[in-house]
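Subject: Structure handover

Hello,

Here is the structure I promised to pass on. Please open it and keep it in view while you read my notes.

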Amino acid sequence: MADRIAAFPDIEAISVAYSLPAALRAPAGASGGVVMDSGARHVVFTSDAPDVISGTGSGPGTDIYWRDRAAGVTRLISVSSDGVHRGNASSGSPSMSEDGSRIAFMSDARNLVEGAPSANGSAIFLRDPKLGTTRRISPVGLTNGAAGYPVLAADGRTVAFEQSVWDAADPARIPYAVLRRISVDSGATESIAVPVDQESPRQLIGDSALTTLCFRRSTPRIPAVPGAVATDLWVLRPGDIQPIRVMLPVSTNGVILPLNTFNASVSANGSALVFRVTSVFTNHLAADGVWRMELASGVVTPISDAADVNQSASDDLTGPVVSADGNTVAYQTGVMEGSDSPLRLWSVSRGLRTLATWRDAGGKGFDPATATEPTLSADGSQLAYISAEAHPDAGVAFAGTYHVYLLNLDTGVTRDVSEVKDSDLVNVQFSDDGRWVSLESEIPLGMRVDQNDQVDVFLAPTAGGPIEPVSVADAQAAATTRNLGNHPSLFIATASTLSDDGNRIVFVTEADDVLPGDINGAIDTVVHDRSTGLNEALGTLPNGKLIPEGSTYPVISADGTHASFLSSTRALATRDTNVAMKVFVRDLATGTVALASAPDGRGAGGGGASSNSQLSRDGRRVLFEYAGSDLAPKTANGVNLFVRDLDTQRTFAVTADPTGKATWFNQVSSGSGRMGQDGTVVAFVAGRTAYRYRIADQHLEPMTSAEFTAATYGMDLSGDGSRAVLWGRALGSAQALLSWYDVDAASNHVLLHPNPITPANRTAVSAVVMSRDGRRLAYVGNFEPSGELLAAGVLGLWVFDIPSAKFQRIGLTALGQGSLGTVDSPSLSADGRYITFRGRGADLAPGDENGVGDVFVHDLELGVNTLLSRSPSTGKAGNQLSSRPMISADGSRVAFQSFASDLAPGDFNGLEDIYAAAVPQWLGISRVFRSPGNQIEVHWWLPPGLQARLEWSSSLDASEVWEPAPADPAVGSDPVALEVVRKVTMGSSARYLRVRSF
């Protein structure tokens, strides 16, 4: 199979203008009207927001949308005939088939299909969102008027709706209503006359097959009483020619009393109709309450007790609702003002019960005094409802806040689904399979940013788990219109700016469009989550607004759960009067911010300035510099080091003088402090000496020995604190020194003490880093380890491997020679395999033709340089300077900043921006697919200029022979990497595969 060339590496723009993927940002308008298919994969909703889908125009009203949750795709249903724009008038009342393939809706729009009439009001349309086709269903003609309230059968093959018609023989006659039942496939239409009364049918509902239809209308009831009008239910059952009125056995002197019948619900199997009854007049009658009709026989019987009255005479959210089999009913009891209104359950087998006695006659369950919006799952096993009562068993300790509750009727367990703002806006519904409930809320339940102050649509899993937003802003719009920030974004931290997995990256920005609501006019700190594409502010007030003073110097914990930053704000800590820079730590999961540069206990900080913060792996402990002595005793004026434990509120003075004299610790070298991963060990440089501090016993010890007579300028520490690398200058000399220190053995190992031919030549070592595992260290210098000076103005990069005691120069040319340009800014992966750097030589990798600094990564195992700051459009180095590369601990990602405008789409600002590039995993098998028989398809990456082949073996023993697979060797191609694909038939004894270069 032929090799495939793949553009590599992939580059993501990080400091992009504010925009969020679909599951994160609320649209700029109200949404609602949820309809789900049987498994809730597809959800239909209405919205008047203009940004649910980009590029569809600014339509004049409400539109209908279909979201495929599995694919993350949202499509416009009420779309014009051009297939792009919104309808030119409002659409609503959607109904969807159980597989999500067909959607019926009503619309006033005149541009949804070609040749649509321009009069006669709303029409009924049928949309196939996958095929992208729209049909007008309601008949067109001079005698046909507005149509509305469509209901689609579960199989999507039948649609029912009501339509007004004119009498062709008497055009002056007032239009009357008919019910239409139309076969979607054949177009066969059944028109059912509706009794002529004062009002058109409303609340058209039916069973899943639409063999039973029910609607409601207003009817004069007592001729002797002027204005006595009641709402009646009419039902069309299988075999009926005309709908029949649902009559109740309540009368006085043979006159049927004026009763309102409403809130009808038909079981999906067509066996039962349930509805609510209340009298027209103020005096309640015995008939008031909930009734049930056996649709096969037409028998109507009450299922509520005499106290279950309801003052309302129109549709509301009090129920009743019925299960799919018609055997279980739930409803809210009387809603007299000022009185309790609990829920009731009724079933064919158990009769009428409270929630508390549904399973146990002893009443041990929870029974809220007031609840509303009862909703049953199709199988009748779950009940959802809204209540503001306290429910400690469900984790709600106090009353007064509305919550959506889910009661499992089989187990009796009640779970709090979510807090909501108002009980009459939620519209809870179950998916047919009972795995999801939909709800509508003004609270941003599952959105990171919701600023529309409108109702949005959400889904919650009934088994527990995070709530998922449905009415979300367009994901494709976010992906295609995200320009980079309008001011520079930079890396200025001296510690970690990436989480270990490279997923979260922190940086600072001067732009006011990278973060939502950025109006403070200051520099702000940002954390970017690559998995979501979200930029989130670190320095925010409890109300979510950015702190006015801004923030800077962000650092992220290795596990990506916490980030620290500096700010002079006094609004984030109580009793804080310090106007200098302070260290704060943000919990990225909860959003809470804690003051770290504070003394023991909960008091506010002192009056000095803080800087150079670092975090332990879990973010629990913070190392920082503080210019002052008022955070702890026995510290001198000047720069001191402290560690704050955020869990215990303890602050440890690392540079406290045990003697109390505090005479020399004010010479701490700023920026030299390093903390081990677990936060128990700190190392630093002070008074030209390196020290190690253990927090457990507050023990301080020097890390230099007699043979090391240099002045120490800087250092780095391994992750466990057992090794350190030290660098400085020999006393009384212009020569650089470099050593590594074994903490356990208290031994110092000098690596570089050059003695050039001309002693007056100044040698330099800088930018020294150690891999987290302590195996390797890297440094920048102007001389070879042998002491030979490099060319004037050239800096080289070396890695020293401690186990093998060998130096390796990084940034060599393809011929194995040192680059003619400067190589600097090293950053090592945790295991020391990958090192990233900035190079200013055109001879480091193919495609580097821009004449300025670029970002590279070097694989020490293979000796391969890869240009990372490469334009995906040209395949060459970006068109401007790139710098400050930083690699994630796992070696998967490199973040860097760049002036280049061709590294990602949408870069028009001409300023520095933040990017993240993937590190190529050379020669690693990335994917394996098994075909019939023993044939497999293997994919791997091959670096430029190398050859490799696929080999197999029956064992991993050292003595086992690896046989080449029957496929041609792959040869790397400049300037990009190859994704090699091979199809091979495995030998009968082959068990293991590898890729080997040669």
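Is Asp185 buried, partly exposed or exposed? Asp185 is partly exposed, with a relative accessible area of 46%. Before going on, please note that this is a predicted model.

**Salt bridges**

The structure holds 29 salt bridges. Asp185 takes part in one of them, with Arg157 as its partner. Their closest N and O atoms are 2.9 Å apart. This pair links distant parts of the chain. Asp185 sits in the loop between strand 13 (176-183) and strand 14. Arg157 sits in the loop between strand 11 and strand 12. The two residues are 28 residues apart. Arg157 is partly exposed, at 47% relative accessible area.

Next, look at Arg245. It forms a salt bridge with Asp232, and the closest N and O atoms are 3.5 Å apart. Arg245 lies in strand 18 (residues 244-245), and Asp232 lies in strand 17 (residues 229-236). The pair therefore ties together parts that are 13 residues apart in sequence. Arg245 counts as partly exposed, at 26% relative accessibility.

Then there is Asp716, which forms a salt bridge with Arg674. Here the closest N and O atoms are 3.2 Å apart. Asp716 is in strand 53 (residues 710-717) and Arg674 is in strand 49 (residues 674-675). They are 42 residues apart, and the pair links distant parts of the chain. Asp716 counts as buried, at 11% relative accessibility. Arg674 counts as buried too, at 19%.

Salt bridges can also share partners. Which residues do they join into one network? The network is made up of Arg620, Arg621, Asp645 and Asp647.

An open sheet of four strands runs in the order 11-12-13-14, with antiparallel pairing. Strand 11 (144-152) and strand 14 (189-193) stand at the edges. Each has a single partner strand, so one side of each is left without a neighbour in the sheet. On average, neighbouring strands of this sheet are turned by 25° against each other, direction ignored. How many bridges pair strand 11 with strand 12? Strand 11 pairs with strand 12 (residues 158-165) over five bridges, in the antiparallel sense. Within strand 12, Ala160 stands opposite Val151.

A further open sheet of four strands has the order 33-34-35-36, again with antiparallel pairing. Its edges are strand 33 (429-430) and strand 36 (468-469). Both have a single partner strand, which is why one side of each has no neighbour in the sheet. Strand 33 and strand 34 (residues 436-441) run antiparallel and are joined by two bridges. Find Phe430: its bridge partner is Val437 in strand 34.

As background, strands of a sheet pair through backbone hydrogen bonds, either parallel or antiparallel.

**Aromatic rings**

The structure holds 12 aromatic pairs. One of them is formed by Tyr779 and Phe807. It is edge-to-face, with 6.4 Å centre to centre and 90° between the planes. Tyr779 belongs to strand 58 (residues 776-781) and Phe807 to strand 60 (residues 806-810). They are 28 residues apart, and the pair links distant parts of the chain. Tyr779 is buried, with a relative accessible area of 0%. Phe807 counts as partly exposed, at 30% relative accessibility. Ring pairs also link Tyr779, Trp798, Phe800 and Phe807 into a cluster.

**Charges over rings**

Arg69 lies over the face of Trp436, at 4.0 Å from the ring centre. The ring of Trp358 has the charged end of Arg350 over it, 4.6 Å from its centre.

**A polar contact**

Finally, find Gln897 in strand 66 (residues 893-898). Gln897 is buried, with a relative accessible area of 3%. What does its side chain touch? The side chain of Gln897 makes a polar contact with the side chain of Glu912, at 2.9 Å.

Best wishes

Methods
Residues are numbered from 1 along each chain as its sequence is written. This is a predicted model: local features need pLDDT of at least 70, side-chain atom pairs count only at pLDDT 80 or more; totals for chains, interfaces and linings use all residues. Side-chain values use heavy atoms; hydrogens and water are left out. Two strands pair if DSSP finds at least two bridges between them. Axes are lines fitted to C-alpha atoms, for helices over the stretch in contact, and angles run from 0 to 180 degrees between N-to-C directions. Buried means under 20% relative accessible area, exposed over 50%, partly exposed in between (1.4 Å probe, protein chains only). A polar contact is a pair of N or O atoms within 3.5 Å; within protein, one must be able to donate a hydrogen and the other to accept it, and residues adjacent in sequence count only if both atoms are side-chain atoms. A salt bridge is a side-chain nitrogen of Lys or Arg within 4 Å of a carboxyl oxygen of Asp or Glu. Rings of Phe, Tyr and Trp (its six-membered ring) pair if their centres lie within 6.5 Å; planes under 30 degrees apart count as stacked, over 60 as edge-to-face and the rest as tilted. A charge sits over a ring if NZ of Lys or CZ of Arg is within 6 Å of the ring centre and within 35 degrees of the ring normal.
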